[in-house]
Amino acid sequence: MARTALVTGANRGIGFAAARQLARAGLDVVLTARGAEAGRAAAAELGVRFEQLDVASNESVRECAQRLERDGIAVDVLVNNAGVLQSGGILDVTDDLVRNTLEVNLLGPLRSAQAFLPGMIDRGYGRVVNVSSGAGSVTEAGAYSPAYSISKAALNMLTRQLAFAAEGHGDVKVNAMCPGWVRTDMGGRSAPRSPEEGVDTLVWLATLPADAPTNGFFRDRRPPAW
């Protein structure tokens, strides 16, 4: 019986590439997006299920989880990909910009994990992959997009806290990954990596065997300093 993977923010870019590669790997994919029209088109292109999901809304996350439960669909793999990148220097960045960034990049993954990780724990199997960034690594961080960097640093700590919560509950693994600089709407055309290259580590983490690591941060399938 195939595992089911839910990918947030998957109508384009890294999320779309992840949904495509996970489907090719034999998983049943639930492609989610905030915009229904774009999400349905992307899901139709891949031949997978679409669910409207706005990670910035508790109600939207809860309703998505309820729809899947009513249809007898258990999420085995959660890919927290949805994210925003907004500019602004640290000395002039506004409260609203920081708040909006954290709403999506930090609280979004927390809401999704709270909706789907308990079921993984109950069933004794699960994979949570948080799409983070080297910008959120204390070792690598610079002045680049401070609100984004702060949110990804917090996401790395959220990853650890979720891994602690899953510890001792069977084969449940929670990890974060950095896709590198990828040619997407967020990364821009000058980025050296294709979306397919960017999601290699993501797909690896989503399909880890039982003896593989948890509670880590990975780039190119290796743990960088974070």
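**Notebook: charges, sheet and cores**

Asp 96 comes out as partly exposed, at 49% relative accessibility. I am reading a predicted model here. The cut-off explains the label: exposed means over 50% and buried means under 20%, so a value of 49% falls in between.

**Entry 1: Asp 96 and its partner**

I looked up what Asp 96 pairs with. The side chain of Asp 96 meets that of Arg 99 in a salt bridge, 2.8 Å from N to O. Both belong to helix 4, residues 95–105. They are three residues apart there, so about one helical turn separates them. Arg 99 is also partly exposed, at 45% relative accessibility.

Glu 51 and Arg 67 form a salt bridge of 2.6 Å, N to O. Glu 51 lies in strand 3 and Arg 67 in helix 3, residues 58–70. The two are 16 residues apart, and the pair links distant parts of the chain. Is Glu 51 buried or exposed? Glu 51 counts as buried, at 5% relative accessibility. Arg 67 counts as partly exposed, at 23%.

**Entry 2: a bridge across the chain**

How many salt bridges does the structure hold? I find 12 in the structure. I picked out Arg 20 with Glu 196, whose closest N and O atoms are 2.4 Å apart. Arg 20 sits in helix 1, and Glu 196 in helix 7, residues 195–198. They are 176 residues apart, so I note this as another link between distant parts of the chain. Glu 196 is partly exposed, with a relative accessible area of 34%.

**Entry 3: a lysine without a bridge**

I then looked up Lys 152, in helix 6, residues 146–166. Lys 152 is buried but has no salt bridge. Which side chain of opposite charge is nearest to Lys 152? It is Glu 140, and it is 13 Å away. I listed what Lys 152 does touch, leaving out neighbours within four places in sequence. The contacts are Asn 105, Val 131, Ser 132, Ser 133 and Gly 136.

Seven of them form an open sheet in the order 3-2-1-4-5-6-7, with parallel pairing. Strand 3 (49–52) and strand 7 (217–218) are the edges, each pairing on one side only.

I followed two pairings. Strand 1 and strand 2 run parallel to each other over four bridges, and Leu 6 stands opposite Val 30 of strand 2. Strand 4 and strand 5 are also parallel, over four bridges. Val 79 has Val 129 of strand 5 as its bridge partner.

Strand 1 has two sides. Thr 4 and Leu 6 point one way, Ala 5 and Val 7 the other. All four are buried.

**Entry 4: the cores**

I asked which residues have the most contacts inside the largest nonpolar core. They are Leu 22, Leu 31, Val 79, Val 129, Val 199 and Leu 202, in a core of 32 residues. Elements giving two or more residues to this core include strand 1 (4–7), strand 2 (28–33), strand 4 (77–80), strand 5 (125–131) and helix 8 (200–206). Helix 1 gives the largest share, six residues. Apart from this core lies another of 26 residues, among them Ala 65, Leu 68, Met 120 and Leu 158.

I went back to Val 79 for its contacts. Beyond four places in sequence, Val 79 touches Leu 6, Val 7, Thr 8, Leu 22, Val 129, Val 131 and Leu 202.

**Entry 5: Thr 8**

Thr 8 was on that list, so I looked it up. Where is Thr 8 found? Thr 8 is in the loop between strand 1 and helix 1. Thr 8 is buried, with a relative accessible area of 2%. Its contacts beyond four places in sequence include Thr 32, Leu 53, Val 55, Asn 80, Asn 81 and Ser 112. Its side chain reaches the backbone nitrogen of Ala 82 at 2.9 Å. I also checked Gly 108, 100 residues away along the chain. The C-alpha atoms of Thr 8 and Gly 108 are separated by 9.3 Å.

Terms used: Residues are numbered from 1 along each chain as its sequence is written. This is a predicted model: local features need pLDDT of at least 70, side-chain atom pairs count only at pLDDT 80 or more; totals for chains, interfaces and linings use all residues. Side-chain values use heavy atoms; hydrogens and water are left out. Buried means under 20% relative accessible area, exposed over 50%, partly exposed in between (1.4 Å probe, protein chains only). Lys and Arg count as positive and Asp and Glu as negative; His and the chain ends are not counted. A salt bridge is a side-chain nitrogen of Lys or Arg within 4 Å of a carboxyl oxygen of Asp or Glu. Contact means heavy atoms within 4.5 Å. A nonpolar core is a set of buried Ala, Val, Leu, Ile, Met, Phe, Trp, Tyr and Cys residues joined through side-chain atoms within 4.5 Å. Two strands pair if DSSP finds at least two bridges between them. A polar contact is a pair of N or O atoms within 3.5 Å; within protein, one must be able to donate a hydrogen and the other to accept it, and residues adjacent in sequence count only if both atoms are side-chain atoms.
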